[in-house]
Amino acid sequence: MNYVTKKLISGISSIALLSGSLFYMNNNLFKEVEPLQEELVYVEDQIEVSESEVQIEMPIQPIGLIDITASALNVRETPNGNVRGAVKKDEISYFYGFSGNWLQILYNGQYGFVYSKYTDIYDFTNNKISTSDLQAIFGAKESLATKQLNDSDILILKNYEEIHRNELVTAFITGVINETNEVTPVQATDDAAKALAEQQAAAQAALAAQQQAALAQAEELAKQQAEAQAALLEEQQKALQVALEAQLAAEAKKQELLAKNPATLSTPELCQYVLAQIITPDMDDYAKAVAVNNWLCDHMTYDLNYYTTRDALLIGRGRCQGYANAYKNLMNAAGVPTDFIGGYGNGGRHGWNRVLINGTYYYVDVTWNDSTGNYSRYLLISEAEMNRDHQPRELNPRTE
């Protein structure tokens with residue numbers, strides 16, 4: 001197989017690669033609509049199509065061309081680094097930098113390095129050169145492209161390389177090669193310019209279609225979100241309305257109750273009458289327990305002649321049994337589970353209370369809180385602390 005024939009086969013392969021590149025561009029250009037719209041504007045700004053030539057501003061500038069002379073040549077991540085892949089014999093590529101005898105190329109959208117010994121190197125004056133020539137030209141043993149390439153950069157480079165690789169193959173096929181393997185420059189033809197213009201037009205049309213679909217989808221999503229927000233707001237407003245109505249109804253009931261003569265009320269109604277004066281909606285169970293204790297201490301006087309809840313709440317008098325009965329009934333009416341405990345205190349018959357708050361039992365002796373003048377002395381203390389001077393005997397005995 002002669003050299004021209006090999007180049008012809010390589011050219012056909014390169015044309016196939018160009019088709020693959022276009023497929024890659026069509027499938028990847030529109031993954032993100034808004035970001036890639038900006039990238040397309042960038043590409044349009046950088047690519048000017050005329051009737052005779054195509055000019056593209058490259059994200060990174062190539063130094064020259066290489067032709068692979070080995071049957072297959074490894075592409076490494078760094079000079080002497082891990083193998084990233086391989087390129088085949090007679091494959092023609094741009095190179096963008098060098099480090100010693102290693103040439104920096106673009107491979108699958110990333111930088112890679114091939115060993116120059118298995119390549120023919122050409123500069124852009126069409127002279128075959130060596131890595132020593134490169135070092136002399138650049139005045140350094142190394143000159144590398146370092147720009148971080150984004151998707152737009154990769155698309156531009158890939159498309160540009162494929163088009164100009166075809167031009168180079170055309171030069172081999174038509175025999176525009178001199179005896180020193182120097183390649184005569186071939187300008188982009190009108191057909192190439194027209195093809196690129198058609199590619200750009202197709203890309204713009206496809207992008208417009210993708211944009212339209214994305215906008216429609218965004219509008220539908222916005223509509224759904226607005227409907228969901230409206231439904232949520234409506235539910236919230238309904239809940240607030242229900243809560244407000246309940247609050248107004250409770251307040252009306254409270255005012256109606258307070259307007260009545262306490263003496264005409266039943267004992268359960270009398271408990272609600274007192275609670276309406278001392279309990280507020282923001283109180284938790286602990287705060288209710290304190291409020292009821294303090295109200296009884298403020299309004300009652302110890303009197304052996306009285307012992308019922310009604311006596312305690314209407315007359316404000318009672319012995320320990322009356323204090324404990326009133327506290328039990330008021331707390332249960334307020335929704336806090338409370339028991340009456342009968343037993344002995346300081347050797348005599350006595351009564352006090354047990355309260356369940358958040359799963360824990362606490363103990364209260366309103367009688368002794370009132371008699372000592374220290375309202376919190378026996379308020380919500382532990383069983384062990386209460387039993388130091390209290391001896392329980394019965395739980396919830398019949399006391400009234």
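Reply: Start with one rule: a charge sits over a ring if NZ of Lys or CZ of Arg is within 6 Å of the ring centre and within 35 degrees of the ring normal. This is a predicted model, where local features need pLDDT of at least 70, side-chain atom pairs count only at pLDDT 80 or more, and totals for chains, interfaces and linings use all residues. Residues are numbered from 1 along each chain as its sequence is written, and side-chain values use heavy atoms, with hydrogens and water left out.

Me: What makes arginine 349 a charge over the ring of tyrosine 344?

Reply: Its charged end lies 5.4 Å from the ring centre. The limit is 6 Å. Arginine 349 therefore counts as sitting over tyrosine 344.

Me: Which ring does arginine 354 lie over?

Reply: The ring of tyrosine 361, at 3.8 Å from the centre.

Me: Why is cysteine 271 called buried?

Reply: Buried means under 20% relative accessible area (1.4 Å probe, protein chains only), exposed over 50%, partly exposed in between. Cysteine 271 has 3%, so it counts as buried.

Me: Why is cysteine 320 called buried?

Reply: Its relative accessibility is 10%, so cysteine 320 counts as buried too.

Me: How many disulfides does the structure hold?

Reply: It holds 0. A disulfide needs a pair of cysteine sulfur atoms within 2.5 Å.

Me: Which residues form one aromatic cluster?

Reply: Trp102, Tyr115 and Tyr118. Rings of Phe, Tyr and Trp (its six-membered ring) pair if their centres lie within 6.5 Å; planes under 30 degrees apart count as stacked, over 60 as edge-to-face and the rest as tilted. By this rule there are 4 aromatic pairs.
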